[in-house]
Amino acid sequence: MNRDNDKGKVLISRSIALGVMQLFLLFMIVFRLYYLQVYQADKYKTLADENRISTRLLVPSRGIIYDRHGVILAGNQQNFQAMMIPEQTHSIDNTLNLFKKIMPLSADEEKRIRKDIRHNRSFVPIKIKDNLSWEQATQILLNSPDLPGVIIDEGLSRYYPYGDIMAHVIGYVAAVSDKDEKDDPLLDMPGFKIGKSGIEKLYEKELRGKAGNVKLEVNAFGRIMKEIELIEGTAGNRVDLSLDVRLQKKAYELLGEESGAVVMMKVDTGEILAFASAPSFDPNMFSNGLSIENWKKLNQDEKKPLLNKAVAGLYSPGSTFKMVVGLAALEGGALNTNKYSSCYGKMMLGNHTFHCWKRDGHGTLNIVQALQHSCDIFFYETAQKIGIAKIASMARKFGLGSKTNVGIENEKDGIIPDAEWKKKRFGESWQLGETIISGIGQGYILTTPIQLAVMVSRIANGGYAVVPTFQKADDSDKTKFKNLGISLHNLDLVKRGMYEVVNVAGGTALGASFNFNGQQMAGKTGSAQVKRISMRERQTGVIKQEDLPWKFRDHALFVAFAPYDNPRYGVAVLVEHGRSGSKVAAPIAGQMLLEALKLDTTDEPVD
Amino acid sequence: MYKAYETSFKGQRLNWGDKLWNISFSYVFLIVLLGVIGITILYSAANGSWYPWASKQLIRFLIGFALMMALAFVDLRWFLRYAYWFYFLVLILLIAVEIGGHIGMGAQRWINLGFMKLQPSELMKIALVLALARYFNSTTLQSIESIKGIIVPTAMVIIPVFLIIIQPDLGTAIMLLLTAGAMFFTVGVQLWKFALLFCSGAAALPLAWHFLHNYQKNRVLTFLDPERDPLGAGYHIIQSKIALGSGGIFGKGFLNGTQSHLNFLPEKHTDFIFTMLSEEFGMIGGVLVIILNLLIISYSYFFALRSASYFGKLMAVGITSSYFLYVIINISMVLGMLPVVGVPLPLISYGGTVIMSVMAGFGIILAVNVNRFINIGKDQG
């Protein structure tokens, strides 16, 4: 009985101990609850919102690019894609079969669609076909009673109405690649495109706009339950270019099948009116995704349609360089109107003979006549007199030998050589012979067509260092540019020479002259040797350019401005392997300037 | 009044009126309150609908309530008399579902009663308590403290636990084991024996690990590191903590729990109902439920200690411990303090058998209180 008493006592004391233990554990739970719901509440509230709120970016519409008169050069066009929401269709097979009756689907496309359906939840819209036209989209919509679950999604895609003639300026947009800087969450959007070249790239920041976003509440399966917040994005800014689409068209028309470049600008503002590099390509191909065959075709073409020859093509300026040499000498006092030289077709330096392009020689001429006839001997002698340093310095003043930084990618510097440059480049000292051939723009000198346009504009505007730009200018005050400090008298002499090239009997580009309401052009021919003329050819007779294979023919160049007495437009024309500056390049420049002058009188918005 | 009540025990017979008068209605009130909270949360879990859970739960609760009240009127000696019979009957049912499962009916753990599915393993929680209470009532402290004396009760525990483990239902098996452990502790089994068991258990852990099913291993590993597999096995725990933590002090409001309504919270109507409650009603709601349970448990201990009979005391402690284990395991689990083992929160989680077994347990505790002056001898039975 005593033991039974103990048994009862043990039960009571152990029960109390057990009860206390259990109550204690329940209290512990309260502390844990406090820890999670009060102490860590903020952290979990954030996590809860991350769970349920899905933020989606709204792609802003890309800014429109206009020419100087408000013509759209790059716009957005609506494009449609057909999507299917699997859970809203009764039978995926039936719907796809009916769809195929309206619009054929390739086996690959169907395979992809079925794969997408398998890999997504049934409420996720699956793309059936994209890049549909409005007609195709309406056809699908008309049949929508038979196509349950098929919806049409609208989007914007970039469109270049002028295609190839604008490709080298406007550039194109394409999918973001790994190399692109990811400074905007938009760039991570699938299908988002950014400017990859030209103006599209240069003005990417302005054109892109700001993404809006929509905050959606989604459930655990990703189904959208409701819209919480919508922040509209900002469309990209419009960009107004200095280009005139009519001149641009004209430039390509004139270049025709040739390979070459035309750059035309306003001499007072640097506004580029036409910027052509031929042949070109269709930028719409790029924005819709380029096929491998097309890519190969573009890359293997010997006329290099993808190379922007206006900024990235390097050519000897040839005789178009003679104004620079002349000005260097005039400014240096080595030359004036009364200094005459005699040309007998060749000159000797040591045991080396330098030839004039005219075998019989030009006789006696001054700077104006030397320019008019493009006499080589005159400029050999002039160069020899003043030396390479002064020539190089004058060339640089006119923008040669360094990038214009107009904003088109892959622009090249070109070369304006001097003794220092040669030392650095080859480790050799400068030779007098090299100065002499530099006098006619040959030798090491390399320039781009846009540099030549800048050069002729600076000559035409009276020595103001205009800088080329694609931006439409608000005024035409050239004095905001630096004055190069060249005497107007000397500039006038050079301009006079250029005038005579075109308009006075004996000039090298007489055929290109025009007179539009008394407005005339002044210019200078040039041809750049691609293949050296050998001694043997000199003796046996130089092979005619026409008989050479295309790629060995000389490049034809022409720089010009108009009107002569009150210059407004400057132009540089290059035709690769065009043989003759006067016969091939000068007429193009003439037509361009004439067109610009004609349009001047009707300078009103078109289209 | 109590004197009079006690006197009526002299004849060891109580009339219905006495019994009804002595049912603790504050205890019943607490139970009903929890039940109502449960139905409310289930209404919210179905996005504000009685269908499919709340209405069914209400019916079950009412049936459970009737069962509880009926059991409250049962004479304590009746439980003693039928304790072993009941235990063996449930054991046979357990074997039956086991064999049924093997014959090819699939892994069935239950017998369909029409309005609910009866799980023998759930009944075993009551049956084992009754059987152990009867066994220890008839033995001596000397026997309890000897090795020989605990062989039989240990066997009474091990056999059903084994049957339930192979079902497999690890959660219920562990609960049975812990309930029995609490009773062994209460009757006075020496602490060193528990220590010994604990140490040998720890030593056998690697072996036990080997026998665990893959999904069970995953649950344990995931518990130790929920980030191990955030979208797979760790998903439950992570989402539960997010839902709960984001509820804050005051909660998001009735029917406004975002994580639960958007289905981020899995099993929101069963195992994770406490999370949903805490998301919508915040820490205040959670603590309220804990306090209600705390009161129920305290009351139960009070009734146990007040009972004159050893059998009544031990039975009440056993049933209370079983109930406590439900609560503590479920809440610890959803708070990320224990692996996810599939233990519901009694009275609140959706599920028929649990309501029945828990309400039956409360009925027995009420009966213990009603019969508190009945003295049961060691040799009775």
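The model is predicted, so local features need pLDDT of at least 70, side-chain atom pairs count only at pLDDT 80 or more, and totals for chains, interfaces and linings use all residues. Residues are numbered from 1 along each chain as its sequence is written, while chains are lettered from A and ligands numbered from 1 in the order in which they are written.

**A covered strand**

Let's start with β11 of chain A, residues 260-266, where seven of seven residues are buried. Buried means that 20 or more other C-beta atoms, placed from the backbone, lie within 10 Å of the residue's own. Strands are DSSP runs of E with at least two residues, and helices are runs of H or I with at least four, numbered from the N terminus. One side of β11(A) holds A:G260, A:V262, A:M264 and A:K266, the other A:A261, A:V263 and A:M265, and both faces are covered.

Here are the strands it pairs with (pairing needs at least two DSSP bridges).

| Partner of β11(A) | Residues | Bridges | Direction |
|---|---|---|---|
| β12(A) | 272-278 | six | antiparallel |
| β19(A) | 569-575 | seven | antiparallel |

A:A261 has bridge partners in both: A:S277 in β12(A) and A:L574 in β19(A). Five residues separate β11(A) from β12(A) in a hairpin, and A:G270 in its turn has a positive phi of about 80°.

**Where the chains meet**

The contact takes 47 residues from chain B and 37 residues from chain A, with residues in contact if their C-beta atoms, placed from the backbone, lie within 7 Å. On the side of chain B that touches chain A, α14(B) gives the largest share, 13 residues.

Key
Buried ≥ 20, exposed ≤ 12 C-beta atoms within 10 Å, placed from the backbone. Contact = placed C-beta atoms within 7 Å.
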